[in-house]
Amino acid sequence: MITVSKALHTILSTIALVGIEKVTILSALGRVLAEDIYARRNIPPTDNSAMDGYALIAEDTMGANTEHPLFFDIIEDVPAGNIPRKIVGFAEATRIMTGAPIPEGVDAVVPVEDTELDGDRVKIFAEVSIGQNIRSMGEDVKDGELVLTRGTIIRPAETGMLAALGRSFVTVYQKPLVAILATGDELTDIDGDLSPEKIISSNSYSGAAQVMECGGIPLQIGIAKDTKEDLTEKFKAAMRADIIVSSAGVSVGDYDFVKDVMKEIGVTIDFHQVAQRPGKPFTFGTAGRKLFFGLPGNPVSSMITFEQYVRPAILKMTGHKRIFRKTIKAILKENIQKKKGLRYFLRVRVRYEDERFTVVTTGEQGSGILKSMVQANGIMVLPEDSTSIKKGVEVVVQVIDNSFELTEEPGY
Ligand code: AMP
Ligand code: MG
């Protein structure tokens, strides 16, 4: 039996990055950029107007005010998207729209609010200084600039930037294919045989959802019977995936053949059994670059071991640097009895009250109580060396709920 840290370290040190692929910028959302992005143009591409108004020479507006407007000849009209043709001279102005390129000779724009049209001329009621209301070429991004670096997670802002840079495709890390295999004679699928001795394979679905949540593609292999033959067949079918995640059959029961079958198909078992609760029978192996995670069968154990081991592995291989959930310190609101020597992962609800986080368990913590996961927004992690933990003590909680601390009302 090895420790949680050793298990994690063993898994993470075997991981190599997946391949890369070119996808449209919209398909890249939430994925990790696998190339550096240099600008191939200036943004904005030209000096352009920040206002609807009149482009002119700032110096010519000296002395203009509401009582004594100055008159300028309008020599041209430049809507957005058009190019000015005429050079602006003394006491001349070009009517210009926001975003339109600045005409030659001009160094400021007077906003339309400070003007009044007077036939072919415009009255200017306010002075402007050099550069006022002009956005300069490349003020956002300069041609040749390194704008996004490899390893960046694509959010909507990055999507917009890629579009602004003229990129419709971008190179990202591939999504790994993750086979999900349930094992057990008692298992049935949701729409299968629902006789009372049957248990619906919820792990097939929680597991697939966990894969999707961290950016992998689940491949449902279905349910293997507790026979070496069926397990071998299903494991072989799973071998086309990058990662094979099985559940159950890794304990010490008479029908727990998963480890044997893994070995028979060429998997090197790096370890089995970790000093933790739940999830003690957790097994990990490799065959070439393929990773095999043998999760325990109990629904909570299966989800917790996925969270602790499979999720960081998937995130790491897809180029993520921040592969662990956020942890917070919270004040425990109940007494907890614990066995020394095991790291505990308890399902909890954290909340913010009286300017600190507090935490309570989600009731019955049996590894078959899936409801304890449903009600949880966090996993409280208790260290190996602790025994009983007293109410009022500060504990570490992993936040597993992506909507943690979101609010129903605006917070401003
Ligand atoms: P085992 O590891 O085979 O001893 O299974 C432990 C417990 O987990 C048993 O009560 C199983 O019925 C349950 N279990 C195993 N696989 C699944 C699954 N895919 N979905 C839901 N429960 C399961
Ligand atoms: Mg079983």
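Let me start with a term: buried means under 20% relative accessible area, exposed means over 50%, and partly exposed is in between, with a 1.4 Å probe and protein chains only. On that basis, buried residues make up 49% of the 412 residues in this protein.

Some ground rules. This is a predicted model, where local features need pLDDT of at least 70, side-chain atom pairs count only at pLDDT 80 or more, and totals for chains, interfaces and linings use all residues. Residues are numbered from 1 along each chain as its sequence is written, and side-chain values use heavy atoms, with hydrogens and water left out.

Overall picture now. We have 7 helices and 26 strands. Those are DSSP runs, numbered from the N terminus: helices are H or I with at least four residues, strands are E with at least two. The radius of gyration is 32 Å, well over the 22 Å that the globule rule gives for 412 residues, so the protein is more spread out than a compact globule. That radius is taken over C-alpha atoms, and the rule is 2.2 Å times the number of residues to the power 0.38. Along the principal axes, the C-alpha trace spans about 95 × 50 × 40 Å.

Next, contacts, meaning heavy atoms within 4.5 Å. Take those between residues at least 6 apart in sequence: 70% join residues at least 24 apart.

Let's zoom in on Thr-183. It sits in strand β13, residues 177-183. Buried or exposed, this Thr-183? Buried, because its relative accessibility is 2%. Leaving out residues up to four places away in sequence, Thr-183 touches Ala-224, Asp-226, Leu-231, Ser-247, Ala-248, Gly-249 and Val-258.

Two of those neighbours also make polar contacts with it. A polar contact is a pair of N or O atoms within 3.5 Å; within protein, one must be able to donate a hydrogen and the other to accept it, and residues adjacent in sequence count only if both atoms are side-chain atoms. The Thr-183 side chain reaches the backbone oxygen of Ser-247 at 2.9 Å. The backbone oxygen of Ala-248 lies 3.2 Å from a polar atom of that side chain. And look back along the chain: Val-172 is 11 residues from Thr-183, yet their C-alpha atoms are separated by 34 Å.

On to two helices. In α4, residues 228-238, the buried residues are Asp-230, Leu-231, Thr-232, Lys-234, Phe-235 and Ala-238. Their cover includes β13, β16, β17, α5 and β21. In α1, residues 4-13, the buried set is Val-4, Ala-7, Leu-8, Thr-10, Ile-11 and Leu-12. Here the cover includes β18, β19, β20, β21, α6 and β23.

Last, the backbone. Most residues other than glycine have a negative phi, and most peptide bonds are trans. Which peptide bonds are cis here? Ile-43 to Pro-44 is one, with omega near -10°. Pro-44 is in the loop between β2 and β3. Arg-277 to Pro-278 is also cis, with omega near -5°. Pro-278 is in the loop between β19 and β20.

Then positive phi. Asn-133, in the loop between β9 and β10, has phi near 60°. Asn-133 counts as buried, at 17% relative accessibility. Glu-355 has a positive phi of about 60° without being a glycine. Glu-355 lies in the loop between β23 and β24, and counts as exposed at 71% relative accessibility.

Definitions and conventions. Chains are lettered from A and ligands numbered from 1 in the order in which they are written.
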